Amino acid sequence: MWDGLKEECGVAGVIQMEDDHTAELLYFGLYALQHRGQESAGIAVNDGDKTRWHKDMGLVSEVFDNEDLEKLTGHIGVGHVRYSTSGESDVENAQPLVVRYRGGTIALAHNGNLVNARLLRDRLEDAGVVFQTTIDSEVIVNLIARYSSEGIHQAIRRSMELIKGAYALVIMNEECLIGVRDPLGLRPLCIGKTEKGYVLASESSAFDVMGAELVRDVEPGEMVTITPEGIQSEFFQSLPRRAGCIFEYIYFARPDSIMDGINVYEARKNSGRVLAKECPVEADMVMAVPDSSIPVALGYAEASGIPYGEGLIKNRYIGRTFIQPTQAIRELAVKLKLSPMAANIKGKKLILIDDSIVRGTTSKRIVETLKQAGAKEVHVRVSSPPVAYSCYFGIDTPDRNQLIGAVKTVDEIRKIIHADSLHYLTPEGLVEALGKPEKNFCLACFDGNYPMELPEKAQQQNGQRVFQRLDKENQ
């Protein structure tokens, strides 16, 4: 029904002096991260001796009830909400992953995507490892278990030497909670403090409902070990640059989150101000495609002096399993999700703000819907550059030949979506809005300059080294 980029995953962790509603805290944290994944949800907790977990397909509110949470007793816990970017959408692939090994139990929740997962999986299977899922996260947890006799920290260090890609990991054993972030900082992870311990989460917005205050972000290449008494930090790899996913600020993150020192709401509002400067147009009203574009539209209206108004109402009660068996039903999908406010838009020249155009089908239907409702003109303004390259680091993007920004010019896109004018925010304008140097971000979906080798190249260039190491260990 929706042709935008799909969310990644959300992870959370809690550690306290004692079991004081640990599972409930994780439940609320995952609820706040629900926008990052709606396919499955899971929680695992440990009481210092035994790990208990529950996970299933569905939203957080569908997977857990009071009885489920009451059974999850323990003072350490990790949680996960999933949108599949690797592996099928199936309950077997729901996280956290829990693995028993000679030294105890570890549970792991992962947000991101590995570019060399297939290579590592093949070699581990050759060594006799049996996989229970089809997700790349199981490669990580099996590597950690493989080196567990050396201690949990050394096991993680050795595993991080082998994996390549984007990851934010929340890991627990019987003693501690551990957070790990990839060396480029592609995926977000932050630390919060409660009255009785600490929490980890993909976004700081989760801390409000968990009763925590933001301490700081986990730095790229950092592993933090948390006990109820405090935090220990070490860096397993340090690179000369960052490459935080820029789409977190454009679309994925909640507007009330702070990521790597950037207020997401203000960044989006700044994007609107820059858009107004880059592409002014005469109009009667500025409106947004809800919800992530609303701050952008407010910024555009503020800078342009054109009033902001609501032109589309979002139906928030559409089930995630909505079936579209025919083309006619598919054509009605956008109207079902977004209804025009005819009284606000009839006879007006509109500036329609959206965060991105992926395939173009949704944008076309929205513009058509507004014009059918009486809009005189619709000028589309997009708060990101054209999406022209696929992502390999944890965002589910279509193949490049399905990305309209890769195969059509801006004017061709304008004609396809039936807009009276179309302007994308420039890369320079986007970076200006974020207020930090371009080298801090990954813009590969716009310019194709990936911060690491793509999966094919990674297997060719790094494969022999990985083969040699794992083969040596298997001897």
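This is a short talk on how one predicted protein model is packed inside.

Okay, some housekeeping. Residues are numbered from 1 along each chain as its sequence is written, and side-chain values use heavy atoms, with hydrogens and water left out. Since the model is predicted, local features need pLDDT of at least 70 and side-chain atom pairs count only at pLDDT 80 or more, while totals for chains, interfaces and linings use all residues.

Let's start with the whole chain. Of its 475 residues, 57% are buried. Buried here means under 20% relative accessible area, exposed means over 50%, and partly exposed is in between, with a 1.4 Å probe and protein chains only. Now take contacts, meaning heavy atoms within 4.5 Å. Among those between residues at least 6 apart in sequence, 69% join residues at least 24 apart.

Next, helix α1, residues 22-32. Eight of its eleven residues are buried, so α1 is largely enclosed by the rest of the structure. The buried ones are T22, A23, L25, L26, Y27, G29, L30 and A32. And what covers them? The cover includes strands β1 (9-16), β2 (40-46) and β4 (76-82), plus helices α2 (60-63), α3 (66-71) and α7 (205-210).

Helix α4, residues 117-126, has buried residues too: A117, L119, L120, R121, R123 and L124. After α4 comes G128, with a positive phi near 100 degrees.

On to the nonpolar cores. A core is a set of buried Ala, Val, Leu, Ile, Met, Phe, Trp, Tyr and Cys residues joined through side-chain atoms within 4.5 Å. The largest one has 38 residues, and I246, F247, V286, Y300 and F446 touch the most other members. At least two residues each come from α8 (247-252), α9 (264-278), β17 (285-288), α10 (294-304), β20 (349-354), α16 (427-434) and α17 (444-447). Helix α9 gives the largest share, five residues. Look at I246: not counting residues up to four places away in sequence, I246 touches L430, L434, F441, C442, L443 and F446. Apart from this core lies another, of 32 residues, with L120, I140, I152 and L169 among them.

Here's a loop residue I like. I357 sits between β20 and α13 (361-372), and I357 counts as buried because its relative accessibility is 2%. Leaving aside neighbours within four places, I357 is in contact with S363, V382, V387, I404, I417, L422 and Y424. I357 is also 7.0 Å from P386, C-alpha to C-alpha, though they are 29 residues apart in sequence.

Conventions:
Helices (H or I, at least four residues) and strands (E, at least two) are DSSP runs, numbered from the N terminus.
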